[in-house]
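Trainee: I have just opened this one and would like to get my bearings. Could we start with the ligand and move on from there?
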Amino acid sequence: MLIGVVGLGYLGLTHSIAMAMLGHQVIGYERDPARLRVISDAQIPFHEPGLEDQLYKLKSSGLLTVAQEVDDGAVCDVYFICVGTPQTASGKSADTSFVISAGMSLAKVIAPDTVVVGKSTVPVGTAASLRKQMSEVAGFPVHLAWNPEFLREGTALEDSLDPDRIVIGSCDDYGLQKIKEVYKPILDRGTPLVEVSVETAELVKVAANAFLATKVSFINAMAEIAEVSGADAVELAKAIGYDERIGNKFLRSGIGFGGGCLPKDIRGFVARAEELGVGDAVNFLRDVDAINQRRRARVVKLAEQELGELKDKKILMLGLSFKPDSDDMRDSPALDIALRLSEAGAKVTVHDPVSLSALGEKHPELFREQDLKTAAQDQELVILGTEWDQYKSLEPGALGNLVGNRLIIDGRNVLDVRSWQAAGWRLIALGRNVQQ
Ligand code: UGA
């Protein structure tokens with residue numbers, strides 16, 4: 001099949017590569033000329049393990065090509081809309097203008113038997129209104145479907161090729177059958193297929209992210225209780241996680257969730273529910289957000305408790321991305337805490353194995369250091385903000401010889417408390433009471 005993928009961001013570029021790896025002929029469309037140039041040179045404009053090799057192979061074999069506009073060249077059998085839906089500047093709702101604009105551009109080029117599939121995360125109801133607008137422009141009823149994507153940054157390609165499930169909400173059976181054909185190699189392996197309405201498909205995605213965010217904030221709420229009661233949130237998570245109904249995943253306490261999806265999706269969900277007159281149904285998501293924000297404030301408070309007035313105090317932040325194996329700093333807890341500390345007057349040095357180049361010229365108030373040994377020199381407090389492997393395997397004795405003060409806050413609960421304490425460190429682990 002000839003497949004078009006509109007928007008070559010995280011989602012679209014990964015999806016284009018995955019579709020070509022399944023054997024389809026793929027055209028990826030990207031409007032941003034700078035990004036298009038990078039991808040045309042077979043480079044990935046962000047850090048994501050495994051993508052660059054595949055892009056190079058697929059471009060060389062001709063299975064994957066790129067273009068700027070959807071009317072550049074052939075009409076595809078199936079188009080996937082993979083453009084972003086960021087949080088609006090004025091409010092908390094999702095900005096669907098890129099999705100609408102992609103849909104309207106497609107409406108001008110598609111044929112009556114073309115299938116258009118939305119993958120972007122949208123407020124429930126978007127697809128129905130988009131279909132109406134597209135059909136008016138196209139002059140025939142457009143086969144529109146929604147097929148949410150659940151890939152995680154850091155494991156994007158694996159998640160696309162080997163998903164837990166495929167969810168398809170199609171306006172008609174023709175569209176459904178066409179999409180099943182696209183995913184045939186994955187479905188033939190026994191991957192569960194959930195066929196739903198378009199509205200359910202839209203809602204599945206935000207509901208899944210809302211549930212994940214709630215899980216993280218739940219354990220972080222327990223961490224708040226643990227901190228004042230002498231309990232240990234990490235041991236608590238282990239104990240409740242053995243219950244299969246609860247499960248042990250997504251129960252890691254620490255400085256909370258960030259990224260381009262979970263935070264904006266829960267806010268967008270609340271905004272959409274309010275528009276639909278059922279805001280009360282997701283009121284709890286406001287608390288999920290508030291708990292998440294409190295974790296960041298907690299680290300600043302701990303720094304003040306330990307160091308006193310923060311003015312001119314030397315603090316090292318280990319990690320800047322919102323999670324390891326990614327250079328994405330959108331709503332990153334580590335970056336946010338670094339900025340809050342800097343605003344309070346501290347001299348904050350930041351280190352990250354891959355994200356410093358993506359930081360570019362932004363936030364000049366943060367001192368950047370690529371060499372960890374130099375970064376650690378004379379620091380009065382070290383904070384572990386992103387659990388990169390490099391930090392998990394740090395040797396506490398060696399790092400202790402570099403810093404000015406053996407004080408560390410483990411924001412991700414990944415360090416071995418005993419060995420750090422044995423090396424003379426005062427270690428503060430969020431949600432735990434580990435001080436000797
Ligand atoms: C998330 C979802 O997990 C994907 O299923 C979804 O497709 C994606 O959003 C999206 O909507 O596109 P992602 O943002 O890549 O994926 O990251 P996650 O692995 O979900 O982590 C999100 C944040 O939660 C990170 O900051 C992570 O550090 C934090 N987290 C995660 C915790 O603090 N504790 C945990 O136990 C798990």
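This is a predicted model: local features need pLDDT of at least 70, side-chain atom pairs count only at pLDDT 80 or more; totals for chains, interfaces and linings use all residues.

Trainee: Which other residues have a backbone N or O atom, or a polar backbone atom, by a ligand oxygen?
Mentor: G258 has a backbone N or O atom 3.1 Å from an oxygen atom of the ligand, and a polar backbone atom of F322 is 2.9 Å from a ligand oxygen.

Trainee: And how much of the ligand does the protein bury?
Mentor: The protein buries 93% of the 720 Å² that the ligand exposes when taken alone.

Trainee: OK, how many residues surround it, and which are the closest?
Mentor: There are 21 residues around the ligand, and the closest are L151, E153, K205, N209 and R252. By class, the shell is made up of 10 nonpolar, 3 polar and 8 charged residues.

Trainee: Which element gives the largest share of that shell?
Mentor: That is α9, with 4 residues; α9 (198-229) and α11 (262-275) each supply at least two residues of the shell.

Trainee: Switching to the sheet, what is the strand order?
Mentor: The 8 strands form an open sheet with mixed pairing, in the order β3-β2-β1-β4-β5-β6-β7-β8. Its edge strands, β3 (64-67) and β8 (193-196), each pair on one side only, and the twist averages 25° from one strand to the next.

Trainee: How do β1 and β4 run, parallel or antiparallel?
Mentor: Strand β1 (residues 2-6) and strand β4 (residues 78-81) run parallel and are joined by 4 bridges, with V78 in β4 as the bridge partner of I3.

Notes: Residues are numbered from 1 along each chain as its sequence is written. Side-chain values use heavy atoms; hydrogens and water are left out. Two strands pair if DSSP finds at least two bridges between them. Axes are lines fitted to C-alpha atoms, for helices over the stretch in contact, and angles run from 0 to 180 degrees between N-to-C directions. A residue is near a molecule or strand if one of its heavy atoms lies within 4 Å of it. A polar contact is a pair of N or O atoms within 3.5 Å; within protein, one must be able to donate a hydrogen and the other to accept it, and residues adjacent in sequence count only if both atoms are side-chain atoms. Accessible areas come from the Shrake-Rupley method with a 1.4 Å probe; for residues, only the protein chains shown count as cover. Ala, Val, Leu, Ile, Met, Phe, Trp, Tyr, Cys and Pro count as nonpolar, Asp, Glu, Lys and Arg as charged, and the others, Gly among them, as polar.
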